[in-house]
Amino acid sequence: MLYRQKAKYPPYCHMVSLIIQSRQEGLVHQAAIEIKGYLDKHIQQAVLLGPAKSGIFKMQDIYRERILIKFIHSQEVYQALETINEFYNKKQKGKVTVVCDFNPYSQI
């Protein structure tokens, strides 16, 4: 448990895994870079890891990248995630989708 505390893993913080996915590899990487930049600007009290290719990068002709967010206070994280959801999942109409996995069980 001491290692989990020092590395800021649950139960000592919260985590959100953002999975960015699309049928076009270039769009996935571009969106992941844009999302990381947005998160850097709008979330002050968090650790951001990534973007990186998912453990299974291509599944059923869908490319995936991942960004991991570790945080203690959730207000600014949830506001940023709502904005990302609104833009990518609602306005983009399926070109790129972003899935949020709260306190993920695995990193595949």
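Here is a short walk through this predicted model, from its sheet to its core and its cysteines.

Let's begin with the sheet. Four strands make up an open sheet in the order β2-β3-β1-β4, with antiparallel pairing. At the edges stand β2 and β4 (97-102), each with a single partner strand, so one side of each has no neighbour in the sheet. On average, neighbouring strands are turned by 20 degrees against each other, direction ignored. If you look at β2 and β3, you will find them paired in the antiparallel sense over 8 bridges, and L49 stands opposite L68 in β3.

Helix α3 lies across β1, β3 and β4, and runs at about 150 degrees to β4.

What do these elements share? In soluble globular proteins, nonpolar side chains tend to be buried together. Here the largest nonpolar core has 22 residues, of which L18, I20, I35, L39 and I69 touch the most other members. At least two residues of this core come from each of β1 (14-22), α2 (25-42), β2 (46-59), β3 (62-71) and α3 (75-91).

Finally, the cysteines. The count of disulfides is 0. C13 is buried, with a relative accessible area of 6%, whereas C100 is partly exposed, at 31%.

Technical notes: Residues are numbered from 1 along each chain as its sequence is written. This is a predicted model: local features need pLDDT of at least 70, side-chain atom pairs count only at pLDDT 80 or more; totals for chains, interfaces and linings use all residues. Side-chain values use heavy atoms; hydrogens and water are left out. A nonpolar core is a set of buried Ala, Val, Leu, Ile, Met, Phe, Trp, Tyr and Cys residues joined through side-chain atoms within 4.5 Å. Buried means under 20% relative accessible area, exposed over 50%, partly exposed in between (1.4 Å probe, protein chains only). A disulfide is a pair of cysteine sulfur atoms within 2.5 Å. Two strands pair if DSSP finds at least two bridges between them. Axes are lines fitted to C-alpha atoms, for helices over the stretch in contact, and angles run from 0 to 180 degrees between N-to-C directions. Contact means heavy atoms within 4.5 Å.
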